[in-house]
Amino acid sequence: MAIRINKKSRALIIDGVEVPPCGLTYMYEYDDCAEISLLSLRRAIAELEGKKVPPVKSMPKRDGPVDMSGMEGASLLEGVTNNVTFCLRGDSRPEFLTVDVSDEGDLITSFFIPCEVDDGRSMVEAVSPHLKFRGAHLLRYKYEENPGPGIPPGWDFDILLPLRKLSLAWVRQLAAVIAETVKRPREPMGPVMAQDICHGAPESLIGLEESDWLEVKSQGYNLDILGDRIELAQDVSRFANSEGGGILIVGYRTKKTQHGEVISKFTPAKEALVRANRYRSIIDARVFPPIDGLRVRASQQESGWVLSILVPPQAEENKPFLVHGAIVDGKMEGAFISVVRRRGEASIPITGPAIHSMLAAGRGLLRGRFHQK
């Protein structure tokens with residue numbers, strides 16, 4: 001995509017089509033520019049500012065982020081008149097994305113996120129994993145108590161962007177993830193919070209590691225096939241048989257790292273593969289006893305659907321949860337009963353002795369009740 005800036009008219013010219021500014025100098029509507037590549041934008045801004053941009057190189061090592069809250073001139077872009085800003089409409093936060101090129105040829109974005117929490121250390125700890133995972137780097141940050149008339153307090157960020165084949169839409173996505181992360185309460189991530197996030201800001205889960213309470217699937221189950229129905233029931237019952245419950249989410253891809261399977265991409269599914277009512281009915285039909293507090297939720301995102309199945313911790317006297325159907329030597333056996341539980345990232349069958357002890361404990365409990373009567 002060819003892009004340049006007409007200095008006289010201040011229009012952004014994309015593949016020969018002019019996009020006029022929408023207010024301030026070099027401010028444009030984001031929707032008209034979302035697919036601009038960052039490399040093309042880098043060249044255009046450098047030309048606008050009369051800079052000779054060096055060839056793309058690997059990102060240099062950087063020191064830790066600088067807290068500019070007690071200093072003047074908090075932003076790398078302050079005082080620069082020829083930076084380019086994109087106006088985000090709707091309920092997006094932040095409202096503006098500003099992009100500039102440093103003298104060294106680095107591409108930098110700045111944006112402001114309204115937030116009442118001014119704990120800098122907590123903020124850096126929260127956003128750094130998301131940036132590192134995407135190859136970006138937090139340069140400077142500042143908490144603004146009085147950013148301007150009618151503007152609530154919040155955080156001002158300067159972020160070094162990776163010079164890869166990425167688009168402006170990628171920057172907006174990054175800003176949305178950081179906004180959701182900054183505004184989120186500082187508490188440990190768990191199944192309930194993960195369900196809220198995947199339906200509110202799904203990109204914010206990228207970088208999270210699968211665990212004993214979290215499993216993700218890149219595609220929905222084909223519920224017309226017996227094997228997928230059994231697999232769904234087993235995946236859910238694993239959490240029901242665990243100590244703390246968990247959540248199964250359809251719409252994410254993982255990649256293997258030295259620490260385990262980490263969510264690497266949001267892959268929304270087709271609506272036909274994530275119909276919440278059908279998932280719920282199959283789980284109810286194939287898992288016994290019924291799972292208490294089960295929450296199956298599907299929501300539409302920009303590019304598809306995401307589905308989550310939340311399994312709260314279950315009472316011990318209701319365990320083990322049985323699945324009507326089993327996979328034996330790679331074959332689907334609809335008449336069999338299977339019992340599985342989750343431990344870490346792996347799923348393991350509950351052994352015969354363990355099942356026997358659970359049943360014996362239940363019989364003992366019942367016998368005690370009869371004797372009390």
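The structure holds zero disulfides. The model is predicted. Its salt bridges number ten. A surface patch of negative charge is also present, made up of Asp118, Asp119, Glu125 and Glu145.

**Cysteines**

- A disulfide is a covalent bond between the sulfur atoms of two cysteines.
- Cys33 has its closest cysteine sulfur in Cys22, at 8.7 Å, which is too far for a bond.
- Cys33 is buried, because its relative accessibility is 1%.
- Cys87 is in no disulfide either; its nearest cysteine sulfur also belongs to Cys22, at 5.1 Å.

**Salt bridge between Lys142 and Glu144**

- Lys142 pairs with Glu144, and their closest N and O atoms are 3.6 Å apart.
- Lys142 counts as buried, at 12% relative accessibility.
- Glu144 counts as buried as well, at 18%.

**Salt bridge between Arg278 and Asp224**

- The side chains of Arg278 and Asp224 form a salt bridge, with an N to O distance of 2.8 Å.
- Arg278 sits in helix H6 (residues 276-286), while Asp224 is in the loop between strand S11 (214-217) and helix H5 (226-240), so the bridge ties together parts 54 residues apart in sequence.
- Arg278 is partly exposed, with a relative accessible area of 36%.
- Asp224 is exposed, at 58% relative accessibility.

- Arg280 forms a salt bridge with Asp284, where the closest N and O atoms are 3.3 Å apart.
- The two residues are four apart in helix H6, so about one helical turn separates Arg280 from Asp284.
- Arg280 is partly exposed, at 30% relative accessibility.
- Asp284 is likewise partly exposed, at 41%.

**Salt-bridge network**

- Salt bridges link Glu215, Lys217, Glu231, Asp235 and Arg238 in a network.

**Negative surface patch**

- Asp118, Asp119, Glu125 and Glu145 gather in this patch on the surface.
- Glu145 is placed in the loop between strand S9 (137-144) and strand S10 (154-160).
- Glu145 counts as exposed, because its relative accessibility is 54%.

Conventions. Residues are numbered from 1 along each chain as its sequence is written. This is a predicted model: local features need pLDDT of at least 70, side-chain atom pairs count only at pLDDT 80 or more; totals for chains, interfaces and linings use all residues. Side-chain values use heavy atoms; hydrogens and water are left out. Patches are made of residues with over 30% relative accessible area and no salt bridge: like charges are joined within 9 Å, nonpolar side chains (Val, Leu, Ile, Met, Phe, Trp, Tyr) within 5 Å. Accessible areas come from the Shrake-Rupley method with a 1.4 Å probe; for residues, only the protein chains shown count as cover. A salt bridge is a side-chain nitrogen of Lys or Arg within 4 Å of a carboxyl oxygen of Asp or Glu. Lys and Arg count as positive and Asp and Glu as negative; His and the chain ends are not counted. The place of a charge is taken as NZ of Lys, CZ of Arg, CG of Asp or CD of Glu. Buried means under 20% relative accessible area, exposed over 50%, partly exposed in between (1.4 Å probe, protein chains only). A disulfide is a pair of cysteine sulfur atoms within 2.5 Å.
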